[in-house]
Amino acid sequence: MTPPLTAKLELALFAAYLAILVWAPLPFASSRIWAGALLALLVVLVLVGWLALYLLGYVQLNSQVWRYGKLPLALLVLVQLWVFFQIQYLPPVMVEALSPQAFAWRMGEGWLSLSLDREYTRYYLLRGCAFTAGFFLTMALVNTHNRLKLLLQVLVFSGTCQAAYGAFMVLSGLEYGFFVEKYAGQGVATGTFVNRNHLAGYLVMCLSAGIGLLLSQLAGDRPGGWRNRLRWWLQLMLSPKIRLRLYLAVMVVALVLTRARMGNIAFFTGLGFAGALAVLSGRRFSWRAVVFLASLLVVDMLILGKWFGFDQLVERLEQTHPAEEARVWSNSYTINYVNDFAVTGSGGGSFYGVFPNYQAPDLDGFHLHAHNDYLEFAAELGIPAALVLVCVVGLALWSAFRVQRLRQTALYRGTGFAVTMTVVWAALHSTTDFNLQIPANALTFVTILALAFVCRGLPGPGQPEMISK
């Protein structure tokens, strides 16, 4: 196989993965079983294609990216192996020793599994393998400066499309989701998602990518002389920077229209934390970065948001009383659930079937997920496996900090900002919702996490790169 053909095949795989990232949120955020299975199939096909090229010796991993990314990847694989172990039939005495509660609830004789819902745990494993594959593919395929920039641009494109569609549905009154009339979330922006909180989470991740991308383009001094400055301003007004700034404004408007309380709070907090870290970690104080980040708060949220119902969001926040929120006080029932399956979990994806055994009469309705990602991971996988996932996120946050502290390439530093903001958002929003149980958000999340290790290992622009042979 000739080198040009090999490069084209690898580029095709990269393009296919970008297309998957755009597709993932479209069919109800891939939260339906058929959509989640299709998403997993698409990701695995790209992985198989890359592995085929690798085994034939046509492509290789960047050794520095692999150096930083192999530990978090190994931890993700370890979690999938644990989920695989949960669905294996084991001797009853072994199940009783590992999970007394799971043993007590099983009826009949013969070997048993740790999972109380083997069928759904198999599906959970399929999705988990797809997310792990997505993490790996990001490290393998994002092997140049330009590809990193293109991936961030694709996330901005997808987020802008979701934002524009969601805002149009609210403002026009059509209220359609993914080719069907909305049956939930009417009057607020949901895009092609079912739940407004999950659209808010997706928008924050795409905003993180866009803000990081725009921060990387703020470098450069203004020319002297009024003529040169006038020419510079005219070029700026026609440049991609302005278009990107408008895309961010559209996403902020849609974020306000979701009326998602914690989604907006997490956006503000993530922006503030990541912005402060970016300014402090720089070797030179950047007023441009400070002014740009401040403009997101003042111009977008207070001015644009005022036109599109920011006051309604504020009113909803003022009327919030945590003690009266079912998603908050119901956590005590989930904690009882976790206590009974603290070590081994009840099986990936089994929450919907197990939680009714702990659900008190005063908590109405059917709960497919816990309104707390931390508790759901702990309940289904066990606390040790949940802590492994926390370690993966922690490693990504540390790598993002190192990138902003040590790398001089503006795009890498901007991407480090995006990773930091995304992690802070997830840390906060996960306390009141289940964004990471939604396939589209989970795949986008692990992709952004992987970028922290990519930026730490990739060479700077113009330096030798390890790509296709």
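**Notes on the predicted model**

1. Helix α6 covers residues 118-141, and its 24 residues should span 34 Å at 1.5 Å a residue; the C-alpha atoms at its ends are 34 Å apart, so the two values agree. This is a predicted model. Of the 24 residues of α6, 19 are buried, so the helix is largely enclosed by the rest of the structure.

2. Arginine 118 belongs to α6. With a relative accessibility of 18%, arginine 118 counts as buried, because the cut-off is under 20%. Beyond its neighbours within four places in sequence, arginine 118 contacts Ile87, Tyr89 and Ser113. Arginine 118 and serine 346 are separated by 228 residues in sequence, while their C-alpha atoms lie 9.9 Å apart.

3. How many salt bridges does the structure hold? There are 3. One of them joins arginine 122 and glutamate 119, at 2.4 Å from N to O. Both residues lie in α6, 3 residues apart, or about one turn of the helix. Arginine 122 is partly exposed at 34% relative accessibility, whereas glutamate 119 is exposed at 55%.

4. Glutamate 10 pairs with arginine 147 in a salt bridge, with 3.5 Å between the closest N and O atoms. Glutamate 10 is in helix α1 (residues 3-23) and arginine 147 in helix α7 (residues 145-172), so this pair ties together parts 137 residues apart in sequence. Glutamate 10 is buried at 2% relative accessible area, and arginine 147 is buried at 12%.

5. Lysine 182 and glutamate 175 form a salt bridge too, their closest N and O atoms being 2.9 Å apart. Lysine 182 is buried, with 7% relative accessibility; glutamate 175 is also buried, with 10%.

6. The disulfide count is 0. The closest cysteine sulfur to that of cysteine 161 belongs to cysteine 206 and is 9.9 Å away, which is too far for a bond because a disulfide needs sulfur atoms within 2.5 Å. Cysteine 161 is partly exposed at 38% relative accessibility, whereas cysteine 206 is buried at 0%.

7. The largest nonpolar core contains 128 residues. Among those with the most contacts inside this core are Trp50, Phe135, Ile211 and Phe417. Outside the four places on either side of it in sequence, phenylalanine 135 touches residues including Gly69, Pro72, Leu76, Val446 and Phe453.

8. The chain has an average pLDDT of 86, and 84% of its residues score at least 70. Over residues 465-469 pLDDT stays under 50, although the model has 22 contacts for them beyond four places in sequence. Where pLDDT is low, predicted coordinates should not be read in detail.

Methods: Residues numbered from 1 in each chain as written. Predicted model: local features only at pLDDT ≥ 70, side-chain atom pairs only at ≥ 80, totals over all residues. Heavy atoms only, no water. Core = buried A, V, L, I, M, F, W, Y, C linked by side-chain atoms within 4.5 Å. Buried < 20%, exposed > 50% of the residue type's maximum accessible area, 1.4 Å probe, protein only. Contact = heavy atoms within 4.5 Å. pLDDT = per-residue confidence, 0-100. Helix = DSSP H or I, 4+ residues; strand = E, 2+ residues; numbered from the N terminus. Expected span 1.5 Å × (residues − 1). Salt bridge = Lys/Arg side-chain N within 4 Å of Asp/Glu carboxyl O.
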